[in-house]
Amino acid sequence: MTPSWWQKLGFYRFYMLREGTSVLAVWFSIVLLYGVFALKGGADNWANFVGFLQNPLVLLIHVVALLAAILHTKTWFDLAPKAANIVINSKRMGPMPIVIGLWAVTLVVSVIILAVALM
C-alpha cells in the first residue's frame, strides 16, 4: 500500500473532511465557553471578548466553522432516512420527506432563536 493511497479514494477524502468538522466544532465550543466566562466577568471582560470576535482571523475561522457545520448537518440529514424505516400503507417512505422535514425543523428553530436573540 503506497503512502498516498487515500488520495485516490474520493469517498475517503470526503469522509475525512466530514470528520474534520469536529475540530471546528471544538473551536466553537471553546469560544462559546470563553464568552460565558467573559459575560460573567463583567463589562470589561465582555468588551475584550467582543474585540476578540471582531478580529478578521477569528471571523474567517467562524465562517469556515459555519460551512463545516452545514456540511456536517447535510451529511447527517442524508443519513437519517437510512436509519428510520417508516412504512405507510405497506410501502417504505422515501428519503426526501424525512430530509426536507429535518431541514424545515432546523430552519424554524433557527428563525425562532434569531427572533428571540434580536428582541
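Visitor: What makes residues of domain 1 and domain 2 count as in contact?

Guide: Contact means heavy atoms within 4.5 Å, and 9 residues of domain 1 meet that for 8 residues of domain 2. This is a predicted model in which local features need pLDDT of at least 70 and side-chain atom pairs count only at pLDDT 80 or more, while totals for chains, interfaces and linings use all residues. Residues are numbered from 1 along each chain as its sequence is written, and side-chain values use heavy atoms, with hydrogens and water left out.

Visitor: Where do the bounds of domain 1 and domain 2 come from?

Guide: An automatic or database domain assignment supplies them: domain 1 is 1-83 and domain 2 is 85-118. Their centres, taken over C-alpha atoms, are 23 Å apart.

Visitor: What is the area buried between domain 1 and domain 2?

Guide: About 650 Å², with 74% from carbon and sulfur atoms. Buried area is the accessible area (1.4 Å probe) that two parts lose on being put together, summed over both.

Visitor: How many salt bridges are there between domain 1 and domain 2?

Guide: The count is 0, where a salt bridge needs a side-chain nitrogen of Lys or Arg within 4 Å of a carboxyl oxygen of Asp or Glu.
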